[in-house]
Amino acid sequence: MMQTVTLKIDGTPVRAAKGSSVLDAAIECGICIPHLCHVPFLKDTGACRICIVENVRNGGSSVTASCTLTAQEGMVIRTNTEKIQKLRRNIAELLVAQAPNSKAVQDVAVRCGVKEVRYPFRNDNCIQCGRCVRYCTEMWRANALGFVGRGKNRRVEFPFAMRPEFCKNCGSCTLYCPMSVTPCGGPMKRGEESLCGKCESQTVMTPGMIGACVRCDLGKGFQCTRHVL
Amino acid sequence: MRKLEHFEELENLRKKVVAQREKIRSTVIICGGSGCKATRCLSVIDAVKKEIVKQGLGHEVLLRTTGCHGFCEQGPLMVVEPGNFFYGHLTAADAQEIVSSTLKNGEVVDRLLYADPLTGKKIKTEAEIPFYSAQDRQLLKYSKLLDPCSIEDYIAVGGYKALVKTLTGIAPKTVIEEIKSSGLRGRGGGGFPTGRKWAEARSVREDEKYVVCNADEGDPGAYMDRCVLESNPHLVIEGMMIGAWAVGARQGYIYVRNEYPLAVQHTRLAVKKAREFGLLGENILGSPFSFDVDVARGGGAFVCGESTALMTSLEGKVGEPRPKDIHTVKEGLWNKPTVLNNVETWANVPSIIVNGSGWFASKGTRGSKGTKIFALTGQVKNTGLVEIAMGTTLHDIIFKIGGGPKNGKAIKAVQTGGPSGGCLPVSKFEIPVDFDTLYETGSIMGSGGMVVMDEGTCMVDVAKYFLKFLQDESCGKCVPCRVGVDRMLEIVTDIAEGRGRREQISLLQELAETVAETSLCGLGKTAPNPVLSTMRYFADEYAAHVDEKRCPAGVCKELIHYDILAEKCTGCGVCLRSCPYDAIKGEKKKAHAIEEPICRKCGICITECKYDAIAVG
């Protein structure tokens with residue numbers, strides 16, 4: 001029999017397989033924690049920090065990414081407190097200012113409640129979620145992609161900047177890239193970027209149902225776990 | 001050298017070495033640390049060596065090249081025993097006089113003595129110099145006593161006594177209890193109780209465990225760990241051996257950054273010597289305990305000083321941090337229980353074992369025990385390494401040991417804890433320096449960097465400097481740190497260059513809090529500290545930059561302009577000739593003028609002008 005642990009997410013007792021992450025446990029039972037770099041069956045790295053939650057323990061709470069947090073017996077998790085909403089909104093705002101030319105990023109920003117972007121737009125091509133790298137490494141064992149550099153200069157690159165022979169041409173890197181789908185209004189030119197915000201009507205996030213996953217269309221753009229499964 | 005196979009053999013060796021040293025009449029101790037090497041101490045050492053032979057003192061005088069003494073401002077420096085005479089700012093030409101008068105006749109060379117900057121009085125002995133006398137040197141005292149390349153020197157001063165004491169009669173559990181009751185806390189910055197860390201690692205059931213020494217010190221202006229490793233690597237190794245005995249590890253690693261070549265060299269030599277003497281390896285000193293240490297070199301990434309990134313780097317992967325929801329004492333290096341401690345923490349262990357936890361706990365404050373080394377730098381007279389008991393006030397460190405401001409300008413703030421720490425204003429100088437008090441005031445102890453700033457420092461510029469450093473050193477894995485720090489830098493640069501808007505200050509505050517809460521590792525979580533603390537204590541400076549477009553300290557180039565005061569200018573033409581951009585025009589004997597568009601505000605004319613005729617506005 002499968003070993004399980006029981007934890008409380010937003011007050012709801014949730015049973016999850018032992019060793020699974022809090023994010024997986026939440027999605028499994030229909031609690032929507034917004035996420036971006038998480039791909040089911042791949043190792044989570046906690047890079048995008050969109051899926052942050054509050055882990056309540058010892059009378060206090062700590063903010064941590066739910067994808068890398070292993071579910072443990074008796075854990076108390078809060079996914080939608082005011083503090084988390086604010087932090088998540090700020091991170092989504094950073095992301096959308098960095099890469100507005102992605103439907104996935106724009107959708108996540110809407111889902112996280114970003115109403116305005118207070119930073120100058122940058123129009124980057126990559127948000128370094130690492131989905132391509134992990135898919136290439138873990139699923140296909142091809143190791144044809146990797147991260148190069150540090151800090152601001154970190155980027156996804158082929159080994160020695162040349163497409164290696166062992167690349168299997170599977171195309172998964174583009175398939176799983178959140179940047180490959182442009183916003184509905186088409187590609188934004190440099191200097192004309194804006195917060196799209198058009199799909200707000202599709203979120204069906206009524207005040208009483210905050211945090212409930214309704215399989216909204218927002219997830220399609222970036223293979224939200226619910227749409228992939 | 002034959003391996004030592006019993007505890008008694010080590011004792012016999014100690015007696016033998018001490019007996020050999022008795023014949024020596026006097027000892028010349030010259031600092032050979034990195035700081036003094038930069039001021040050419042090697043030529044001094046060579047000259048003194050030659051001079052000793054030349055004057056026929058070779059058999060009775062011992063020349064000892066040691067690690068850093070701490071008073072780097074005076075380098076190259078020398079202490080002559082007996083007599084404890086202290087000579088600073090030496091050159092090779094002084095060797096002849098020192099040997100002929102001090103070593104031969106026991107007379108002091110007056111002109112080389114240290115002069116008190118306040119009174120101008122010459123001070124004869126090292127012990128009387130205020131810089132040293134106000135300190136409590138427990139770890140740094142060794143640097144003078146031994147040659148780091150000689151294991152015999154370390155054994156002669158009582159080295160490996162703690163190890164023998166542990167292996168012959170203290171059970172691992174008792175060692176941990178002893179460390180726990182000593183109140184030792186991690187010296188790397190976090191301040192986690194060391195005893196608790198060891199106990200947790202011990203309680204994990206696993207065959208393989210590791211102990212790791214973190215010597216990847218990267219804070220700008222901090223070099224405590226370098227000094228300890230350079231001047232006494234055996235002390236750290238001994239501490240690690242005791243730790244390994246306590247938690248049940250057989251393998252240890254010293255992760256030292258490659259930018260410290262001397263520390264790498266000395267540590268490697270120490271490990272090699274310890275193996276030769278049978279102090280590392282299988283069945284140490286005939287006991288069932290086996291332990292070995294390897295030295296790993298870091299590639300110069302600041303983030304690799306973070307525990308999980310260090311372990312990833314040790315495993316041979318890119319040094320990026322891992323989520324820390326499971327502590328590294330349970331799953332660390334190669335997913336095995338790992339105890340990671342800072343150089344200073346390990347170095348404190350042997351003396352706790354030898355002198356007892358009560359001795360250690362007698363120093364310091366309620367929450368922080370023992371002594372701590374700080375690297376005192378910036379605008380103070382005496383820069384260098386200082387070791388003080390926890391609880392000493394910032395005021396004492398800066399004014400008693402540091403000797404007060406250097407250039408006559410009033411001291412404005414002190415930055416503690418490196419890029420992860422904060423800036424404390426003068427009004428906070430009365431607080432005792434310990435982990436908890438510093439944290440409450442918005443800074444951290446960090447690894448022990450202490451940069452003193454005077455009125456000529458702009459706090460917005462300081463925040464900008466640290467953000468630039470962190471932006472370069474962030475590994476780039478998680479969004480808040482990579483993008484967030486970059487955006488903070490963007491905002492602070494806007495403010496420093498006169499494009500700042502009121503609402504940007506609140507945005508900066510909000511962003512800083514987000515980065516601190518949500519980042520993956522310790523680097524990101526503490527990255528906003530320089531911004532948050534300067535905004536908290538120097539809000540008026542931010543306001544001046546944003547509202548009045550004015551830099552009160554006259555540092556931010558976009559907000560200042562240079563003017564020549566006509567009534568003071570004599571028309572000597574010095575500034576005109578020294579300006580690299582030809583921005584100054586004027587006729588001889590008539591007041592000059594600066595052409596605003598060409599001036600790059602480099603400040604050369606100000607330093608050149610003898611009449612203080614150039615004003616910054």
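In this predicted model, Ala413(B) stands opposite Pro425(B), a residue of β14(B). The strands concerned are β13 (residues 411-416) of chain B and β14(B), which pair in the antiparallel sense over four bridges. Strands of a sheet pair through backbone hydrogen bonds, either parallel or antiparallel.

Both strands belong to an open sheet of five strands in chain B, whose order is β12-β11-β15-β13-β14 and whose pairing is mixed. Its edge strands, β12 and β14 of chain B, each pair on one side only. From one strand to the next, the twist averages 30°.

| Strand | Residues |
|---|---|
| β12 of chain B | 384-389 |
| β13 of chain B | 411-416 |
| β14 of chain B | 422-425 |

Attention now turns to chain A and its contact with chain B. Helix α2 (residues 82-98) of chain A has 17 residues, which at 1.5 Å a residue should span 24 Å; the end C-alpha atoms are 24 Å apart, in agreement with that value. Among the buried residues of α2(A) are Leu87(A), Ile91(A), Leu94(A) and Leu95(A). The buried residues of this helix pack against β3 (52-57), β4 (60-65) and α3 (103-111) of chain A, and also against α20 (479-496) and α21 (502-518) of chain B.

The contact between the chains takes 26 residues from chain A and 26 residues from chain B. On the side of chain A that touches chain B, β4 and α2 of chain A each supply at least two residues. The largest share of that side, six residues, comes from α2(A). By class, the side of chain A that touches chain B comprises twelve nonpolar, nine polar and five charged residues.

Conventions: Residues numbered from 1 in each chain as written. Chains lettered and ligands numbered in written order. Predicted model: local features only at pLDDT ≥ 70, side-chain atom pairs only at ≥ 80, totals over all residues. Pairing = 2+ DSSP bridges. Axes fitted to C-alpha atoms, helices over the stretch in contact; angles between N-to-C directions. Expected span 1.5 Å × (residues − 1). Buried ≥ 20, exposed ≤ 12 C-beta atoms within 10 Å, placed from the backbone. Contact = placed C-beta atoms within 7 Å. Nonpolar A, V, L, I, M, F, W, Y, C, P; charged D, E, K, R; others polar.
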